[in-house]
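Here is a brisk report on aromatic contacts and strand pairing. Keep the sequence and the 3D view open while reading.

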Amino acid sequence: MTSGSRRRLRVVEPGPSTTVQDRGRHGCAHLGVPRSGWLDAAAATLANRLVGNPEDCAVLECLLGGLVLSTDTALTVAVTGADTPVRVGSRPVAHGAAVSLGAGQSFSLGRAVHGARSYVAVSGGVRVEPVLGSRSTDTLSGLGPPRLVAGAVLPVGPALGLPADSSAVGRPQAGPVVLRCRLGPRDDWFTAEALATLGSTVYVVQPDSDRVAIRLDGPPLVRADPRELPSEGLVLGAVQVPADGLPLVFLNDHPTTGGYPVVAVVDEEDLGRCAHLLPGDQVRFTPVGGARGERAPDRSR
Amino acid sequence: MSGPEPRRHLRGARRPVQRVVPVGERALLAEVGSVEDATAVYVAVRALDLEVAEVVPAARTVLFDGVADREQLSRLLLGLDLPVAGVPPTPAAGTVVEVPTRYDGADLPDVAEAWDMTLAEVVRTHTETAFVVAFCGFAPGFAYCTGLPPERAVPRLDTPRPRVPAGSVGLAGEFTGVYPTASPGGWRLVGRTDLTLWDPSASEPAVLAPGTQVRFVAVER
């Protein structure tokens with residue numbers, strides 16, 4: 001086996017936006033540190049399993065394909081998530097399966113044809129220097145490694161296990177994305193009509209959507225309570241409604257606090273689908289499990 | 001200070017958490033009546049060994065995310081006793097962080113006008129105030145420090161500056177903050193410090209973490 005120190009990937013072309021991602025930064029939200037981390041956890045952890053890595057190794061998150069890498073040593077890679085043509089040199093290889101690269105070979109992702117973000121795992125994991133316990137690029141605060149640029153060299157760890165077979169590899173599905181959500185904590189700041197609108201509208205993803213938030217267009221949600229909300233902590237998947245009434249869904253690079261009411265929170269299981277939303281895509285919310293009924297008794301008088 | 005009169009419970013104690021609201025599948029939001037209570041609840045619960053991934057204090061709330069048992073935590077929060085109002089929150093550590101500050105900020109004259117004071121009186125008021133970090137936000141290590149009375153609140157700039165240098169000391173609303181890194185910003189700048197406030201490679205990356213006591217000390221250079 002090759003020594004760990006010589007294993008690395010060279011970035012020939014980064015594509016529109018490729019970042020290093022792992023599970024993200026945890027336990028530092030009280031210091032204003034966003035969680036960051038991969039947007040589609042199922043796809044990213046699958047890519048790691050396919051190359052024989054523990055699930056938490058850092059991978060590359062590639063928006064819309066266009067990534068070209070080369071290697072000086074033999075490595076195993078796998079691509080999951082958004083469906084893109086995958087090539088070793090000019091030879092097409094499988095998406096969602098372990099692929100062996102020889103020394104000097106290049107590896108490329110074509111344009112994504114289905115979904116938005118592909119995940120590239122490499123045997124041994126991407127071993128850039130961790131910051132606050134994570135190798136993730138945080139596009140909001142700038143923590144972690146920068147976005148990939150042409151010429152960048154990414155250290156790769158020693159191979160950790162045997163590649164797994166590629167059974168049960170899921171692909172992003174077509175059609176309007178339905179996001180199940182729980183109402184609250186600030187659903188009572190909105191009119192009953194606004195809550196009905198939230199559950200019945202087909203929203204359209206806006207072009208300024210990114211790793212921080214999916215921004216949506218549709219009928220504005222009307223507030224019942226016009227007060228200014230003092231800043232409060234935000235969770236992943238929070239559906240926040242800024243002054244213009246158009247909801248946004250916070251993703252992994254979300255700020256830790258915000259000063260607009262959060263009407264609902266998207267279920268964790270459905271958040272991975274947000275990784276594959278592109279401008280013009282349609283989104284619906286389905287409120288489940290009435291949060292109002294679960295509230296602790298109001299002790300204020 | 002601001003906020004409703006706390007409900008008396010035990011002699012010398014009161015329960016600051018007014019309501020606990022579920023957030024999504026795994027989080028709880030505890031509502032309190034004032035920013036001082038938010039800090040106090042945060043400091044009190046950090047001392048307990050809770051099965052919670054994140055505890056995020058803010059202006060009138062404390063968020064608990066990644067909660068193992070929401071029912072149990074909700075009961076604990078609603079029953080939490082704190083000393084009576086007026087007693088400053090227990091600091092996370094007994095030490096006071098001193099922030100050496102050159103009071104030469106571009107907005108110092110505006111603050112003096114808002115406070116109806118001379119520049120020297122502004123500096124004296126600010127350096128004589130015992131601050132506590134209530135919460136962090138906006139950027140990693142950016143601390144919202146409380147301690148100034150409500151009548152000293154100043155509005156943010158109408159148009160934020162595109163770049164505020166690291167170490168800038170600013171006022172906004174009831175808060176004083178120090179920019180840990182250069183960023184855009186709308187706080188009214190009163191001075192600048194050379195103290196390094198944010199070092200992600202350190203074991204304690206933020207010098208001004210929630211609950212920390214802070215004093216600003218005037219220096220010439």
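At 0% relative accessibility, B:Tyr179 counts as buried. Buried stands for under 20% relative accessible area, exposed for over 50%, and partly exposed for values in between (1.4 Å probe, protein chains only).

This is a predicted model: local features need pLDDT of at least 70, side-chain atom pairs count only at pLDDT 80 or more, and totals for chains, interfaces and linings use all residues. Residues are numbered from 1 along each chain as its sequence is written, chains are lettered from A and ligands numbered from 1 in the order in which they are written, and side-chain values use heavy atoms, with hydrogens and water left out.

Over all chains, the structure holds 11 aromatic pairs. Rings of Phe, Tyr and Trp (its six-membered ring) pair if their centres lie within 6.5 Å; planes under 30 degrees apart are stacked, over 60 edge-to-face, and the rest tilted. Two pairs involving B:Phe142 are listed here.

| Pair | Geometry | Centre to centre | Angle between planes |
|---|---|---|---|
| B:Phe142 and B:Tyr144 | edge-to-face | 5.4 Å | 65° |
| B:Phe142 and B:Tyr179 | edge-to-face | 5.1 Å | 80° |

What does the pair of B:Phe142 and B:Tyr179 tie together? B:Phe142 lies in the loop between β8 (131–136) and β9 (143–146) of chain B, and B:Tyr179 in the loop between β12 (175–178) and β13 (183–185) of chain B, so the pair ties together parts that are 37 residues apart in sequence. Strands (E, at least two residues) and helices (H or I, at least four) are DSSP runs, numbered from the N terminus.

B:Phe142 is buried, at 0% relative accessible area. B:Tyr144 is buried too, at 10%. One aromatic cluster takes in B:Phe135, B:Phe138, B:Phe142, B:Tyr144, B:Phe175, B:Tyr179 and B:Trp187.

## Strand β5 and its partners

Strand β5 (residues 61–67) of chain B is mostly covered, with 7 of its 7 residues buried. Strand β3 (residues 27–31) of chain B pairs with β5(B) in the antiparallel sense over 4 bridges. Two strands pair if DSSP finds at least two bridges between them. B:Leu29 has B:Leu63 as its bridge partner in β5(B).

Strand β4 (residues 52–57) of chain B also pairs with β5(B) in the antiparallel sense, over 5 bridges. Here B:Val55 stands opposite B:Phe64. A hairpin of 3 residues joins β4(B) to β5(B).
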